[in-house]
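Please look over the structure below.

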Amino acid sequence: MKARLGVSALVILFLAGLWLVAAPFAVGYQERGAAYADATINDLWLGGGLAGLSFVALVIYAADALRDLARRGKHADA
Amino acid sequence: MIRKFVGAVVAALAALAGLWLMIAPFALGTQPENADWTNATHSEFFSGLGVAVVGLAGVIAFVLAIHEELVARGLVVPKPRRPEPEPEPVPAAAPQSSSAELASLLAPLVEALREDLNTTPRSGEHRQNGRTSLVGAEENR
């Protein structure tokens, strides 16, 4: 139950990372065609990093859970 | 187990990133001093606040999950809760040493009752002790 809450937090963090990448263009503080502002660069790096890290963590979580399942299946067969 | 640890670490990093996002407009100088907050500041500050809160919640959830698993494996023994202190027994009232003390305690009460009986005027409808029968008094009502 608590781990599920943590996974939910990771999913929300992943979505927040995507939002941060899109925010400069969605909110409108980055003009089209202009050089990236400092705020835009900050948001892109942080959002990209956050989304990437959260995604990797979710993949690791899923892979480890699947490995557990496979191990239990082997023990059940034996 | 390792997946929960990874989750906790990533959530902690996200919480730190959220804190940075909250102060970034001021640290980078994109928010002019003594001016209303710009759109960028609003967006970054509240996004950072959300990320920090969610990251903190994720850290707490994963740490609790790790602790639960360690307890289930017997690697960690949960601290026994302190038993609530029992209320101290109220010392019982000292028993009367003799019936003489009891009599001396009750004497004023008996005296007051006797005086009350002697002084209270008796109206007609009340039965006077020993003078009329109970049945007769009830029939006269």
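A residue is called buried if its relative accessible area is under 20%, exposed if it is over 50%, and partly exposed in between, using a 1.4 Å probe and the protein chains only. B:Arg3, for example, has a relative accessible area of 13% and is therefore buried.

This is a predicted model, in which local features need pLDDT of at least 70, side-chain atom pairs count only at pLDDT 80 or more, and totals for chains, interfaces and linings use all residues. Residues are numbered from 1 along each chain as its sequence is written, chains are lettered from A and ligands numbered from 1 in the order in which they are written, and side-chain values use heavy atoms, with hydrogens and water left out.

**The two chains**

- Helices (H or I, at least four residues) and strands (E, at least two) are DSSP runs, numbered from the N terminus.
- Chain A contains two helices and zero strands, and 32% of its 78 residues count as buried.
- Chain B contains four helices and zero strands, in the order α-α-α-α from the N terminus.
- Of the 141 residues of chain B, 26% count as buried.
- A contact means heavy atoms within 4.5 Å.
- Among contacts with a separation of 6 or more, residues 24 or more positions apart account for 51% in chain A and for 53% in chain B.

**Helices of chain B**

- The expected span of a helix is 1.5 Å times one less than its number of residues.
- H1(B) has 27 residues and should span 39 Å; its end C-alpha atoms are 37 Å apart, which agrees.
- H1(B) also bends by about 40 degrees at B:Met22, with the proline B:Pro25 following within four residues; the bend at a residue is the angle between axes fitted to the seven residues ending there and the seven starting there.
- Helix H3 of chain B (residues 99-119) has 21 residues and reaches 30 Å from its first C-alpha to its last, close to the 30 Å expected.
- H3(B) has a kink of about 40 degrees at B:Leu106, shortly before the proline B:Pro108.

**After helix H1 of chain B**

- B:Asn34 is in the loop between H1 and H2 of chain B.
- The phi of B:Asn34 is near 55 degrees, a positive value in a residue other than glycine.
- With a relative accessible area of 84%, B:Asn34 is exposed.

**The nonpolar core**

- In soluble globular proteins, nonpolar side chains tend to be buried together.
- A nonpolar core is a set of buried Ala, Val, Leu, Ile, Met, Phe, Trp, Tyr and Cys residues joined through side-chain atoms within 4.5 Å.
- The largest such core here has 21 residues, and those with the most contacts inside it are A:Leu10, A:Leu13, A:Leu50 and B:Val51.
- At least two residues of this core come from each of helix H1 (2-28) and helix H2 (38-77) of chain A, and helix H1 (2-28) and H2 of chain B.
- Apart from neighbours within four places in sequence, A:Leu50 is in contact with residues of chain A, including A:Leu13 and A:Leu20, and with B:Ala14 and B:Val51.

**Aromatic rings**

- Rings of Phe, Tyr and Trp (its six-membered ring) pair if their centres lie within 6.5 Å; planes under 30 degrees apart count as stacked, over 60 as edge-to-face and the rest as tilted.
- This rule gives six aromatic pairs over all chains.
- In one of them, the ring centres of A:Tyr61 and B:Phe62 are 6.3 Å apart and the planes are at 55 degrees, so the pair is tilted.
- The pair joins two chains, because A:Tyr61 lies in helix H2 of chain A and B:Phe62 in helix H2 of chain B.
- A:Tyr61 is buried at 15% relative accessibility, and B:Phe62 is buried at 0%.
- Ring pairs also link B:Phe26, B:Trp37, B:Phe45 and B:Phe46 into a cluster.

**Two residues of chain B that touch chain A**

- B:Arg3 is found in helix H1 of chain B.
- The charged end of B:Arg3 sits over the ring of A:Tyr61, 5.2 Å from its centre; the rule is that NZ of Lys or CZ of Arg is within 6 Å of the ring centre and within 35 degrees of the ring normal.
- Not counting residues up to four places away in sequence, B:Arg3 touches A:Ile60, A:Tyr61, A:Asp64, A:Ala65 and A:Asp68.
- B:Ser43 lies in helix H2 (residues 39-73) of chain B and is buried, with a relative accessible area of 10%.
- Leaving out residues up to four places away in sequence, B:Ser43 touches A:Trp19, A:Ala23, A:Val27 and A:Tyr29.
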